[in-house]
Amino acid sequence: MDKFVIRGGNPLVGTIRVSGAKNSALPCMAAAILTEEEVTLENIPQVRDIETERKLLASMGAVVGQREGSARDRMTISCRSLSDPVARYEIVKTMRASSLVLGPLIARAGVARVAMPGGCAIGGRPIDLHIKGLEKMGANITQQHGYLEARAERLQGAHLVFDKITVTGTEDLLMAAVLAEGETLMENCAREPEVTDLAALLTAMGARIEGAGTAVIRVKGVSSLHGATYRINPDRIEAGTFLIAGAITRGDLTVANCDPSHLGAVLNKLKEAGARVESVGSDAVRVQAPERLRAADISTEEYPGFPTDMQAQYMALATQAEGTSQVRENIFENRFMHVQELVRMGANIKVDGSTATVRGPSPLSAAAVMCSDLRASASLVLAALVADGESILDRVYHMDRGYERIEEKLQSVGAQIQRMGDIFPPVNMRRATDNSPVAPTA
Ligand code: EPZ
C-alpha cells in the first residue's frame, strides 16, 4: 500500500490548479443511464472513485471511454444496452455512492438490483430516504440477501418532502423524476453545487427542471432524454483543502480553476482566522496567512453552510491558531477519525460527543500516522506540511479516492512530499485505534 512521506516546514508559494468535482462527476456519470445516446463529460478528475463508477457502469453493460493524454479529463458513456442492471456488492462496498444508480436504473429499465452500501468510517450512511422517495413514486422495493430489488412499470410524479437534507438522495430522486409520468415536487432538497451541476446536465439532455440549487425542485417528466456534452464544476472541497494548505504553511498560494462563489463559508472562516483572502478574477482565489492565526469556531451545516467535507481540514488549521476553536460536526456521527492521529502529532484536541475543542497553537511533530477516510487523510497531509520533521502517512489509497495526483500538485508549490511504495515490511497488526473498515467506503 502506498504511503506519503512529508517533511514539514515549507511555505506553499505559487499557483495550484483544482480538478473537476468528484461529487459532481459521480451523479453525472450515473445520469448517462437515462438515455440510449452518448453522454460526454469534461473536467472529470482522475481519482479512484471515478474509476470505481466506470467499472460499475461497465459491469451493467455500458461502454465507458476515457481519453488519454491531455484530453484524459473527457469521458464518453454509452448506455445503449444495459444488459445487466445490477450494482454488485463487490463494487458497492468500496464506494457507497454507487447507490446513485438506483434511481436512473428504475427510471430507464424499470428494474434495478443494487447492493446495500453498508456503513463506512464516518457513519452508518443509510439510504432509507432514497428508498422512501422511490416507493412514493411507485417503485416496488424489497430487500434480501443484502440487495435492494426494485421494480416499476413507469415511475409516477409525486410530492416528495425529504425528512433530512440528503445530497445523493436529492440527486437519486431527481434522476428518477426526469423520466417519470407527470410532475414531481421535491421539498427540503440539498442545495449543494453538485446538485445544480447534475440538474444542468439533465437539462442539457432534455429534462425539464426548475429550482435546482434551492430547497424546492419541480420536475416535469419527459418520455425520453437525448445525449449531451457537459463540463462539470471544479471541486470546491479540493479548492478549500488547498486554501487551508496555503494558510497553515504561512504561504502565498493562488488556487486556480476553482469557483469562488462555491466557497463562501470557507473563505469567511479563513478571514475570521486572520488569513488574507482575495478573489483573482472569476476562477481563482489567493490566500496569504499571518504568522499568528486566530482561533475561530465552526459548525458543519448543509450548503451553503460550512461543509462537513472541510471539517477535518479546518481542524488541522485550528491546531495552529491562537486560542480555543470549537469544531462541531452536525452531519455525520463519526467524523473525528483524524483527531487521534493529530493528537499523536502533538495537537491539543478534546472530543465531547459531536464537538471537538482545539486549543492552540500547538507545535506539531512529525509522526507515522494512519489515514482512515478521504477527508481525514487530507487533514493529516495538512498537519504534516507544518510538522517538525518527516511524517509517514499510511493507507493513502483513502486520499486517492478524491484527490487527483495531490503529491504532484503540492510539490509544484514547494511541499516536500513523496509517494512511496511499501517502504517497510507490511505491518500485520492493525493499530488498536484504527477501527476503520478493511474495505474502505465513504
Ligand atoms: C454526499 O454524501 C457526499 N458524497 C459526501 O462527500 C458529503 O460528505 C455528504 O454528501 C454531505 O455533504 C457524494 O456526493 C458522493 P447525505 P451523501 O445523504 O449524499 C443522512 C466526500 O468526502 N441520511 O447528504 O451520502 C446521513 O446519514 C463524501 O466526498 C439518512 O439518514 O450524504 C447523514 O447523516 C463523504 N438517510 C445526512 O443524512 C438517507 O437516505 C447527510 O447525508 C440519506 C442520508
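How many nonpolar, polar and charged residues does the shell around the ligand have? The legends below take up this point and others for a predicted model.

**View 1. Composition of the shell around the ligand.** In this predicted model, the shell divides by class into 10 nonpolar, five polar and eight charged residues. There are 23 residues around the ligand, and those that come nearest are Asp 128, Thr 166, Thr 168, Asp 309 and Ile 331.

**View 2. Polar atoms facing oxygen atoms of the ligand.** The side chain of Thr 168 has an N or O atom 2.6 Å from an oxygen atom of the ligand. For Arg 375, an N or O atom in the side chain is 2.8 Å from a ligand oxygen atom. Val 167 takes part through its backbone, where a polar atom is 2.8 Å from an oxygen atom of the ligand. On its own the ligand has 830 Å² of accessible area, of which the protein covers 92%.

View 3. The largest pocket is where the ligand sits. Two or more residues of the shell around the ligand come from each of α1 (22-31), α5 (128-136), α6 (167-177) and α12 (374-386). Of the shell, α5 supplies the largest share, three residues.

**View 4. Lining of the largest pocket.** The volume of the largest pocket is about 1,100 Å³. Its lining consists of 44 residues, and Arg 125, Val 167, Thr 168, Ile 331 and Phe 332 are the closest to the pocket centre. Elements giving two or more residues to this lining are α1, α5, α6, α8 (236-248) and α12. With four residues, α1 gives the most to the lining. By class, the lining residues of the largest pocket are 18 nonpolar, seven polar and 19 charged.

View 5. Two cavities of 30 Å³ or more are present in the structure. The second largest cavity holds about 30 Å³ of space. Residues lining this cavity are Pro 234, Asp 235, Arg 236, Ala 239, Cys 258, Asp 259, His 262 and Leu 263. In this lining, four residues are nonpolar, one is polar and three are charged.

Definitions and conventions
Residues numbered from 1 in each chain as written. Predicted model: local features only at pLDDT ≥ 70, side-chain atom pairs only at ≥ 80, totals over all residues. Heavy atoms only, no water. Near = heavy atom within 4 Å. Polar contact = N/O pair within 3.5 Å; in protein donor to acceptor, adjacent residues only side chain to side chain. Areas by Shrake-Rupley, 256 points an atom, 1.4 Å probe, with all protein chains shown as cover. 1 Å grid on protein atoms, 1.4 Å probe; cavity = no way out; pocket = protein on both sides within 12 Å on 5 of 7 lines; lining within 4 Å. Sits in = over half its atoms within 2 Å of the grid points. Nonpolar A, V, L, I, M, F, W, Y, C, P; charged D, E, K, R; others polar. Points joined across faces, edges and corners; volume = space filled by probe spheres on them.
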